[in-house]
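Me: Could you help me learn to read a structure like this one, a feature at a time? I'd like to hear the general idea and then see the case here.

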Amino acid sequence: MTVRTSRRWLVVTVLAVVLAMVAVACGDDDDSGGNATGAGSSGGKSITIALGSEPTSLDPQTVDDGGERAISDNVYETLLTRTPQGELAPGLATALPKQVDDTTWEFTLRDGVKFHDGASFGADDVVASVERMIKLIKDEKTDQSGFFSSLTGAKKVDDRTVQITTDGPDGVLPARMYWLKIIPKSAKDKADLSDDPDGTGPYKFVEFKHGDHISLEANGDYWDGAPKVGGVTYKFIEEPGTRLAGLLSGEYDLITNLQPEDVDRAPKSAQVQGQEHPVLILDADDGITKDVRVRQALNYAVDKDSLVKDLYGGYAKVDTGQLLSPSILGYNEDLKPYAYDAAKAKDLISQAGAAGKPITIVGTSGRWLKDRELVEAVAGYWKAAGLDVKTNIMEFSAYLDELFNRSARADSIYVSSSNDILDADRQLSTYYQAGGVGSSNTNKDLSDLITQARQTTDTDQRAKLYNEALKMAYDQAYFVWLVNNQDIYGMSKRLTWTPRVDAKLLVKEMSVS
Amino acid sequence: MGRFVVRRIAQGLLVVLGVTVTVFVVTRMVGDPVKFVLPLEATHEEREARRHELGFDRPIVNQFGSYIGDLAKGDFGDSLWQRGRSTMDIVGDALPKTFQLVAAGLLLALLLALPLGILAATRPGRALDRLLVTTSLLGLSVPQFWLGLILIIVFGVELGWLPTAGTGTWKHLVLPSVTLALPAAGRMAMMVRSSMIDELNKQYVKTAKAKGMPSVRVVGMHALRNGSIPVLTLFGWEVIRALAGYTVIVETVFNWPGLGQTAIQAIQRQDLFLLQTIVLVVAVMVVVVNILIDIAYRAVDPRIQVA
């Protein structure tokens, strides 16, 4: 009898499990509808873009995240934009701002622009965007405070004119307004805009299925004419190999961060000189690197051309000794890379009495393109120059602790510096200016120059000050400047697009056949 | 049975509590997530302010007190990585995806392992048996990430029959579940084979055959029933293993947004709050599956004393 009951029990259990599985599988089929990429409202064809990471939010004012920007740059707009080559240009403002006084900038706004929900764009929306950002900074709710902490307010002059004020003279303000996304005034008091993005941009938000995809459709009423691509689906694929496989199978039209070694396998690829500059920070205040001759020698010792060729497959340029890309205001045309001169390096090191002495390089692995290989290659060159080199490749968290702890930092630490808003101030105040998170010098003249440049609102004068600061740091060899990477994109045959120096994925600039 | 279940649940609660405390302490010893949350260029002051805002500047005992207090209210905390989302919502999105993968993968493994193992056991040493043993060994020794990539290249890229990554349709499920199934099928087929060979050599089988019972009935009913106990143990272990994170490789290779991939993301971004919730949920699942397996033993073999 027991045998019979338990057998029935087993049958029931198995049936229940199978039914549960079927239910789960059926539930999944509902997803397929949302996944299909229908043509957008403008009737153009849709494309699929594979990003390296899922947006951490779709609120354009709270996070500092490339995944978020990839989406929001198409949904929201800013007062100013940049040309694909990086020059500031009018956006929602009709021209670059006029300066009213040292701390007040006046913007004239474009007419006939509408938010996706139908509301007209005007001065109130700009005021709301600035005021919300100020409040988010005050409440510690945004990661963008570094970009906007100088803002003190915005005032509506009339419906088409706004004045934005800063806490002091701020030469970076126009660049900041290339970064501040304009939200509708109705969103001003909302804590989180992630659930229903509403901007003035060429694409409208459709849906965000966490872990799977985001889709946008063309905004037929866009003020600058409906975009050619009818809709976009974004997928989030962390593994470069998986991204490439999807590109090869035709599932994606565009993938980011194509690996240099995969370029030949992609159906089509495009490169642009980006903003990524791997560099070694040298401790100018302590240890063996305190001597400027040693710091210069460490620059002369490295064959940068060979790094470009062998490590990055040619998809990089030698850094001209300034951490800035040519697309940035203040880039010093006169600086030339420290030439590769092993004999001179050896000479300088022995002059400084440093031959055979120990030096440590700290790096990390898997965070930036070829980060570990780069540190190892440099260590090889330094060894050849006559130093006793120790490399210490740390797990990223420990590495950050080391980077952020100025007093305990090693002689030399690797970092890859990037510049999102394409303004020199961000990189220089972080890495060049004494007290900056990644700075390793206590040069007061340099620090004063950087502060002065930040407070200079005249563009030419600002560029001149940066030129001077960059030259000073170059002569002092506060870094070993290595290369400036290219951003590499893999594309399907049917997609036409030219990448931008600011790495923005503006779908309105793409077309598909 | 009832007393047994109550006792196991009580033990399970203790395990879950222990895991929760350990994870809480360890994640906070490892380091501070603020450095990951803010951009590299953020100033020291910005980091300090955020640390304060998130409460990481408080003593760990106080932090744990608030965590338990919130848990009691059903508040699992908000994610650091997916800004402003409840960690339970994120786990709630990921968990069904992992269930789906585990269910499809292990069902497939079972469907492969049972008939193959039984077939091999009925003719031990013969060509078919040797072939099955070799194949099983191959299946269980193939590294999963390699298998996954090969399947992607063959069926996704070259043949173009199936999508290379992601979720959405039943087609998306095929390659990941096959990748998950093959090693498990290999392990289980070996187990089915050896335990069936044991059973088939026992006296009661000979008796049954001698009295003229059809061999399908002998093998399929009598021997299989007794031979399935070790298989059930292994199957339970496979389920626990898969739910507790073994799917992470498959999920990463196929970009399958399940719990394993979510856990990886949480670790990479040091999202302590999300990690805590994931570990808590996994601990509960492991405890529950263990209890279910003990109950299933009894159902299959009433002689087993579970009290």
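Me: Let me start with helix α7(A): which of its residues are buried?

Reply: A residue counts as buried if 20 or more other C-beta atoms lie within 10 Å of its own. This is a predicted model, and in it the buried residues of α7(A) are Thr242(A), Arg243(A), Leu244(A), Ala245(A), Gly246(A), Leu247(A) and Leu248(A). That is seven of the nine residues in the helix, which spans residues 240–248, so α7(A) is mostly covered.

Me: What covers the buried residues of α7(A)?

Reply: Both chains take part. From chain A, the cover includes β1, β11 (254–255) and β19 (483–491), and from chain B it includes α7 and α11. Look also just past the end of the helix: Gly250(A) has a positive phi of about 90° there.

Me: Now a strand. How many residues of β10(A) are buried?

Reply: Here is the idea to keep in mind: in a regular strand the side chains alternate between the two faces of the sheet. For β10(A), residues 231–236, the count is six of six buried, so the strand is largely enclosed by the rest of the structure. On one side sit Gly231(A), Thr233(A) and Lys235(A), and on the other Val232(A), Tyr234(A) and Phe236(A); both faces are covered.

Me: Which strands pair with β10(A), and are they parallel or antiparallel?

Reply: Take the partners in turn. Strand β1(A), residues 46–51, runs parallel to β10(A) and is joined to it by six bridges. Within that pairing, Thr48(A) is opposite Thr233(A). Strand β9(A), residues 213–218, pairs with β10(A) in the antiparallel sense over five bridges, and there Ile214(A) has Tyr234(A) as its bridge partner.

Me: How do I read the order of strands in an open sheet? Which strands stand at the edges of the one with β4(A) and β6(A)?

Reply: Write the strands down in order and look at the two ends. Here four strands of chain A run β4-β5-β7-β6, with antiparallel pairing. The edges are β4(A) (98–101) and β6(A) (151–158); each has a single partner strand, so one side of each lacks a neighbour in the sheet. From one strand to the next, the twist averages 25°.

Me: How many bridges join β6(A) to β7(A), and what packs on the sheet?

Reply: Six bridges link β6(A) to β7(A), residues 161–166, and the two run antiparallel. Lys155(A) stands opposite Gln163(A) in this pair. Helix α4(A), residues 123–138, packs on the sheet and touches β6 and β7 of chain A, with its direction at about 170° to that of β6(A).

Me: Next, the place where the chains meet. How many residues of each chain are in contact?

Reply: There are 47 residues of chain B in contact with 43 of chain A. On the chain B side, the elements that give two or more residues are α2, α3, α5, α7, α11 and α13. Of these, α5(B) gives the most, with seven residues.

Me: Can we try two single residues? Is Asp32(B) buried or exposed?

Reply: Count the neighbours. Asp32(B) has 20 C-beta neighbours inside 10 Å, so it counts as buried. Asp32(B) lies in the loop between α1 and α2 of chain B, and it touches Arg51(B) and Phe56(B), leaving out residues up to four places away in sequence. Asp32(B) and Asp271(B) are 239 residues apart in sequence, with their C-alpha atoms 9.7 Å apart in space.

Me: What about Arg130(B), with its 13 C-beta neighbours?

Reply: Arg130(B), in helix α6(B), has 13 such neighbours inside 10 Å, so it counts as partly exposed. Its C-alpha atom is separated by 49 Å from that of Asp89(B), 41 residues away along the chain.

Technical notes: Residues are numbered from 1 along each chain as its sequence is written. Chains are lettered from A and ligands numbered from 1 in the order in which they are written. This is a predicted model: local features need pLDDT of at least 70, side-chain atom pairs count only at pLDDT 80 or more; totals for chains, interfaces and linings use all residues. A residue is buried if 20 or more other C-beta atoms lie within 10 Å of its own, exposed if 12 or fewer, and partly exposed in between; C-beta atoms are placed from the backbone. Two strands pair if DSSP finds at least two bridges between them. Two residues are in contact if their C-beta atoms, placed from the backbone, lie within 7 Å. Axes are lines fitted to C-alpha atoms, for helices over the stretch in contact, and angles run from 0 to 180 degrees between N-to-C directions.
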